[in-house]
Amino acid sequence: SNSRKSAVLCFGKFIFLFDNKTLLQILLHKNSLIMPSIIGSEYLRQESLAEEPWRDAELYQPYEAETILLPENSACLAVKTYLQMCKLPFDVKFATNAEYMSSGGRTTKLPFLRVGAFFASEFEPIVNLVENKGISLTEDLTEFERSEARAYLSLTDNIFTYAELYISYMDEDVYENVTKPRTASAYNPLLGVIQNWRKKRHALKQLDAMDWKDLTMEEVVEKVATCCNTLDSKLGDKPFMFGDKPVELDAMAFGHIFSILTTPLPNNKLAETIRMYPGLVEFCKRVESKYFVQFHF
């Protein structure tokens, strides 16, 4: 039709007709409709996501007082901070099985976000979901600054996440007095043992895959100190990492640093390391006071 814009994409015997939100896949030699391809399905998903209004957003996470672990708390807080920075409303839902709501995930699988018919888990997929709706914290940055922000984000997430996993599972006092009882608290004794075995096995596999399992505590602290020094240098005297406005890196850094500073553990070496950088502590206070109820360190 000349009155409606469309694009035609051909793959062998298939023709894909794009007409706004509609994708038809036609089998030529049978002249019949079949299921959309992966490309067509993704096109439809992105189109629908962009046009779907942000409503009824629910963020699922473990119970903070009873079951959540340090790396999980950091991941959930980073996403909550990011959504606050984007000025997107959401309701926090607490669930024992929050980490099992998503079939995917790189580390914690948390938090799990549902917005209408769409959902995602962990920081990066949730950021992608939000950006597909045309909302971005880095829109004012140059291309070089956006690349730099992604590099800092990856560094921050990797170092802090694996440091948190390490101290949660490799430090005997932390594991026996914090990780183990919290993991088992939502289950009967037998299931608690199984759950502890499963989560520790998974955590050790992750640490081993990233060459963290055989590190000493001193080496872990050194990695965290290097990351803190990098972030502190980037922050300087600015309110946020890239100037007067926050970006995703600010949410990620706050989530990890705030969680480490405010989570009581038998081994406080990570918190002690962060406190050596007063600029980062002040940064956390600034972000917390702007986006959350005031909390005194």
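At roughly what angle do the axes of helix 7 (residues 217-235) and helix 10 (residues 278-291) cross, and within how many Å do they come?

Analyst: First, a bit of housekeeping. This is a predicted model, so local features need pLDDT of at least 70 and side-chain atom pairs count only at pLDDT 80 or more, while totals for chains, interfaces and linings use all residues. Residues are numbered from 1 along each chain as its sequence is written, and side-chain values use heavy atoms, with hydrogens and water left out.

Now your pair. The axes of helix 7 and helix 10 cross at roughly 65° and come within 9 Å. Axes here are lines fitted to C-alpha atoms, for helices over the stretch in contact, with angles from 0 to 180 degrees between N-to-C directions. The crossing of helix 7 past helix 10 is left-handed, meaning that the near helix is turned anticlockwise from the far one by less than a right angle; clockwise would be right-handed.

Who does the touching? Helix 7 brings C228, L231, D232 and L235, and helix 10 brings G279, L280, F283 and R286; contact means heavy atoms within 4.5 Å. By class, that contact of helix 7 with helix 10 has five nonpolar, one polar and two charged residues. For those classes, Ala, Val, Leu, Ile, Met, Phe, Trp, Tyr, Cys and Pro are nonpolar, Asp, Glu, Lys and Arg are charged, and the others, Gly among them, are polar.

T156 sits in helix 4 (residues 143-169), and its C-alpha atom is 8.2 Å from that of L231, 75 residues apart along the chain. Leaving aside neighbours within four places in sequence, the contacts of T156 include C227, L231, L249 and H256. T156 is buried, at 0% relative accessible area (buried is under 20%, exposed over 50%, partly exposed in between, with a 1.4 Å probe and protein chains only).

Zooming out, the protein has ten helices and eight strands; these are DSSP runs numbered from the N terminus, H or I of at least four residues for helices and E of at least two for strands. Buried residues make up 46% of its 297 residues. Of the contacts with a separation of 6 or more, 67% are between residues 24 or more positions apart.

On to the strands. Strand 5 and strand 7 run antiparallel and are joined by three bridges, with Y60 partnered by F112 in strand 7. Strand 7 also pairs with strand 8, antiparallel over four bridges, and R114 stands opposite F119 in strand 8. Pairing takes at least two DSSP bridges between two strands. The hairpin of strand 7 and strand 8 has two residues between the strands, and G116 takes a positive phi near 60° there.

The L110 to P111 peptide bond is cis, with omega near -10°, and P111 lies in the loop between strand 6 (91-94) and strand 7 (112-115). D56, a non-glycine, has a positive phi near 55° and counts as exposed at 55% relative accessibility. E122, also not a glycine, has a positive phi of about 75°, but counts as buried at 9%.
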